[in-house]
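Have the sequence and the 3D view at hand as you read.

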Amino acid sequence: MMFKQKYLEQIKLGVTCTNSYEFSEQVLNRLKQKEVLINSQSKGLFFAENTSYDFWRLYFYIQDISQIEWNFFRDVPLVIEIVVRNSKKELWDSTIKTFQNKGNFKVYDTFNRMFRDRIDMDVSGIDFSIIQTAQKQDLPIVKKLLEENFDAYSDRIPSLKELEKLAETIFLIKENGKIVAFFITERKGFTLEFRYWLVLEAYRGKRYGGLLMKRVLTFDPKIKRFISWISVDLEYSLTVHKRLGFKNDGLINYVLHRK
Amino acid sequence: MKNKIIEILTEIRPEFDFNVDDTEFMSKGMLDSFDIISIVSDIEDAFGYAIDGAKILPENFDSIAAIINLIETNNQ
């Protein structure tokens with residue numbers, strides 16, 4: 001305990017940049033896990049958590065980036081997420097460039113966060129009866145579909161345990177008992193975050209995607225706001241969100257990767 | 001200062017009344033870690049100085065009082 005506590009003390013020493021915004025206790029719990037790599041330098045602390053995929057997720061607390069030795073964790077693939085506000089983008093650009101040039105990381109994907117406030121929609125004439133919320137037995141299949149259709153590096157695919165927590169806001173459409181479309185959301189207070197929206201290729205053109213979207217936008221009148229992270233490369237998704245009234249809220253997530 | 005902070009918080013999460021509900025923002029789901037990034041940026045713009053990165057921890061944004069304390073102690 002005391003051994004790990006010293007890292008927490010180091011974190012408190014004039015950090016100029018970090019990608020970890022958690023309670024001190026949560027940071028300490030992360031550092032205490034068995035599957036965590038720690039690299040402590042005089043001007044920075046790095047730790048990497050193992051994931052259930054073929055990479056480790058890196059967190060950093062940097063006091064002086066010009067004095068960092070970049071040869072840490074060379075034998076494991078790493079993914080870093082750096083979330084910045086667009087008004088601070090220029091300040092962070094140089095940090096990201098340093099990760100690229102000295103740390104040998106590459107920008108793997110970039111996401112913009114979009115939001116939309118609740119607007120009352122008349123859905124009285126819409127039949128939502130083919131949509132159901134996920135049951136426990138659906139979750140392993142949902143996870144498999146996520147792994148097959150989304151990107152492990154950039155899409156933070158949830159574990160089964162995490163899916164269990166989300167179950168009441170996972171909306172499914174089945175045909176002959178088989179899941180053919182889903183919309184996974186996460187409730188955060190009065191905000192609903194869109195996580196994953198999928199219609200299997202063979203079932204597209206049946207308006208399942210639109211039906212799920214309408215359900216998600218209207219199922220709970222207490223939801224006041226919707227947010228969604230959209231990859232800058234997904235033009236179709238961006239267009240759909242804009243058509244639905246979503247706007248950028250100024251947060252950008254850079255996903256960096258080092259093989 | 002308090003009014004400015006409430007204005008910043010309301011801009012980010014307009015669905016909440018931060019005048020009435022002014023504590024335990026994180027545990028109540030009123031703010032999340034990404035909101036902290038926005039708040040830091042807005043506080044820096046509003047008050048004209050950079051917040052020490054080591055202080056960008058949720059416990060320093062969990063209530064109006066904690067945010068005021070963060071700003072007041074930041075330059076000490």
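Which residues does F61(B) touch, not counting residues up to four places away in sequence? The list runs F25(B), M26(B), L31(B), I36(B), I39(B), V40(B), K55(B), I56(B), A66(B), I67(B) and L70(B), where a contact means heavy atoms within 4.5 Å.

## Ground rules

This is a predicted model, where local features need pLDDT of at least 70, side-chain atom pairs count only at pLDDT 80 or more, and totals for chains, interfaces and linings use all residues. Residues are numbered from 1 along each chain as its sequence is written, chains are lettered from A and ligands numbered from 1 in the order in which they are written, and side-chain values use heavy atoms, with hydrogens and water left out.

Helices (H or I, at least four residues) and strands (E, at least two) are DSSP runs, numbered from the N terminus.

## Chain A overall

Chain A has seven helices and 12 strands, and its C-alpha atoms fill a box of roughly 65 × 40 × 35 Å along the principal axes. Of its 259 residues, 53% count as buried. Take the contacts in chain A between residues at least 6 apart in sequence, and 67% of them join residues at least 24 apart.

In helix 4 (residues 139–149) of chain A, the buried residues are L139(A), V142(A), K143(A), L145(A) and L146(A). Looking down the helix axis, these fall within an arc of 160°, so they line one face of helix 4; the arc is that of the directions from the helix axis to the C-beta atoms. Their cover includes helix 5 (160–166), strand 8 (170–175), strand 9 (178–188) and strand 10 of chain A.

Helix 7 (residues 235–243) of chain A buries S237(A), V240(A) and H241(A). Here the arc is 95°, so these residues also line one face of their helix. They pack against strand 6 (106–117), strand 10 (191–199) and strand 11 (225–231) of chain A, while the face turned away carries exposed E235(A), K242(A) and R243(A). Just after helix 7, G245(A) takes a positive phi of about 95°.

## Single residues worth a look

L166(A) sits in helix 5 of chain A and is buried, at 7% relative accessibility. Its contacts, leaving out residues up to four places away in sequence, are I184(A), T185(A), E186(A) and R195(A). The C-alpha atoms of L166(A) and I184(A) are separated by 7.7 Å, with the two residues 18 apart along the chain.

Then there are two non-glycine residues with positive phi. F73(A), with phi near 50°, lies in the loop between strand 4 and strand 5 of chain A and is buried at 11% relative accessible area. E24(B), with phi of about 50°, is in the loop between helix 1 and helix 2 of chain B and is partly exposed, at 43% relative accessibility.

Methods. Buried means under 20% relative accessible area, exposed over 50%, partly exposed in between (1.4 Å probe, protein chains only).
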